[in-house]
Amino acid sequence: MLHSLCTNLRPIKTLPPTEFALFLHKFSTNNTMQFSKPIRAETTVHQVPGFCSEEIDRIAEQTFRRYTAESLPKRKGKGVAIVWFRNDLRVLDNEALLMAWVSSEAVLPVYCVDPRLFSTTRYFGFPKTGGLRAQFLIECLADLKKNLMKRGLDLLIQNGKPEEILPSLAKAYGVHTVYAQKETCSEELNVERLVSKSLQKVVLSSSIGQSVKPNSTNSTKLELIWGSSMYHIDDLPFSCNSLPDVYTQFRKSVESKSKVRSCIKIPTSLGPAPSIKDWGCIPEITVLGLEKAKVSKGLAFVGGESAAVSRVCEYFWTKNLLRTYKETRNGMLGPDYSTKFSPWLASGSLSPRFIYEEVKRFERERESNDSTYWVLFELIWRDYFRFLSIKQGNSIFHAGGPRKVEANWSQNPTLFDAWRNGQTGYPLIDANMKELLTTGFMSNRGRQIVCSFLVRDMNIDWRMGAEWFETCLLDYDPCSNYGNWTYGAGVGNDPREDRYFSIPKQAQNYDPEGEFVAYWLPQLRVLPKEKRHFPGLLYIKPVVALKFGNTKTTNNKTMGSGTRTTADENRWKGRKGNRTQ
Ligand code: FAD
């Protein structure tokens, strides 16, 4: 059994316990109070997944074996086809790869290190890709190359724009078709348009010398294949333009009327590749204009498809955590409260349909309960945001969002810097923002809280928050990021999602012992647990007052009109938490 292999778990400590740094913390700069009790610095790094690299390779091989097809469509194609990898950095369940293989005698896999991915964000000029996500991408590419080589191919890595690289490769190798995964947001669509246009100018060698103009029959074609969601776009019971505005309606419709397609299986061998002298190198992070980044504390994700399928194995089979996901998913500390699949889903190194099949296998072989269902429920949210991005187009990037809400947002740089650096004076906000900076990850609960704080308590332009997330998140995906931010800012398509997260209440419900804040802000550990969230003078002075007071229980009467109350929020939780809603 695959899961019997998954035994070698290792939470890594960067320092052995005896060498843990002991230090006395000086609280805020104004604070003169000294503590005599030494505090143990918390420097635990949890690698995700927690297996050693040999184990990861073994689990990946086992998984690939299960997904290797005995009978596949006949390979009756001619010539060379390119598979242009984008956010689909995987071998398993990759339809573009299979189509390229079926339609050719030789497949040329290509990844273009597009300089635009390493420029700056649209409105506020933050780095478009932060160091940690760049490092994750590098690991994904190295793993993809390795897995392709095991199947008789390789990965050609070239620095430059796809619309320049692909036509020149098409010309050189007489490529009849470039296959790639279809994207949905403007920047990616623009690249698709440019690639398609530049390929139309390629005259294939069979026509050279015949003084023909390039046309649809003698130039290279671009075939875009759907592959990013759990439900296939062609299987939706409605067109994307008439997508329901309410998530529950969408979910109920697809659950009752659509079926998740089976994963695409892999041929035993994908070779041969065309003969190429120089396959290029996995880029060094410094070549991308970024500094080497290493996680010193918290979660350290391993990039690549092999790590992705190993994490599924670890979470479902080794640790049996799928059984309890629904109860734990709102946690904030450690690797186990939620699946942590998102960084691999965003880079496409993990297929949502593979997760679906593993959930179904778990339900058959172990147990089926609300928790096993709930992972699929969350993946349907992911699908929903992807399809919404088609319906709503660029409005998800605009201040007024899809509902064109007019609001007077501030862009105060001092307040924004306090938020992004984790120095707001609210430990729950600061701990979450420090986790994001250190690891490139933040829990879903944390994301909702810091988003609400930025837009409701600080009244800062939500796009600043969204662009900062774009820089930092390992799992950054335009549809999920901007979709969730528009909801959080109250400019999304469903006005009922407009909600305020009360810090005292969230702290009480989701970090009652103050363990999460003490982990990220170790100076708080010496305080009694009930003081850690509101340390008063012992911590940075809050940069803004909370909109609805600093009390532990939020008084609904003090809530302004138009803002959702804690009771409303509970209703939201109820809706999300109630399968029969
Ligand atoms: P789990 O709880 O284990 O859920 C399983 C999977 O379901 C996730 O991996 C994810 O693919 C999907 N999922 C769960 N919740 C959501 C959701 N609300 N929206 C979309 N998909 C969901 N997720 C991203 O993948 N990329 C983003 O850029 C992103 N930005 C966000 C910004 C904000 C302001 C908020 C509130 C949420 C954002 N999310 C984003 C959604 C969610 O927070 C993460 O998907 C989740 O925290 C990832 O952790 P996990 O894999 O352990 O999730």
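View 1. Residues are numbered from 1 along each chain as its sequence is written, and side-chain values use heavy atoms, with hydrogens and water left out. Because this is a predicted model, local features need pLDDT of at least 70 and side-chain atom pairs count only at pLDDT 80 or more, whereas totals for chains, interfaces and linings use all residues. The shell divides into 10 nonpolar, 9 polar and 6 charged residues, with Ala, Val, Leu, Ile, Met, Phe, Trp, Tyr, Cys and Pro counted as nonpolar, Asp, Glu, Lys and Arg as charged, and the others, Gly among them, as polar.

View 2. Of the 25 residues around the ligand, Tyr-325, Ser-338, Thr-339, Lys-340 and Asn-444 come nearest, a residue being near if one of its heavy atoms lies within 4 Å. Taken alone the ligand exposes 810 Å², of which the protein buries 97% (Shrake-Rupley method, 1.4 Å probe).

**View 3. The largest pocket.** The ligand sits in the largest pocket, in that more than half of its atoms lie within 2 Å of the grid points; a pocket is an open set of points on a 1 Å grid over the protein atoms alone, where a 1.4 Å probe fits, with protein on both sides within 12 Å along at least five of seven lines, and lining residues have an atom within 4 Å of a point. About 1100 Å³ of space lies in the largest pocket, the volume being the space filled by probe spheres set on the points. Of its 42 lining residues, Ser-342, Glu-378, Asn-444, Arg-447 and Asn-484 are the closest to the centre. The lining has 20 nonpolar, 11 polar and 11 charged residues.

**View 4. The second largest pocket.** The second largest pocket has a volume of about 960 Å³ and is lined by 48 residues, of which Asn-87, Leu-117, Glu-187, Glu-188 and Tyr-476 lie nearest its centre. The largest share of this lining, 5 residues, comes from α5.

Technical notes. Helix = DSSP H or I, 4+ residues; strand = E, 2+ residues; numbered from the N terminus.
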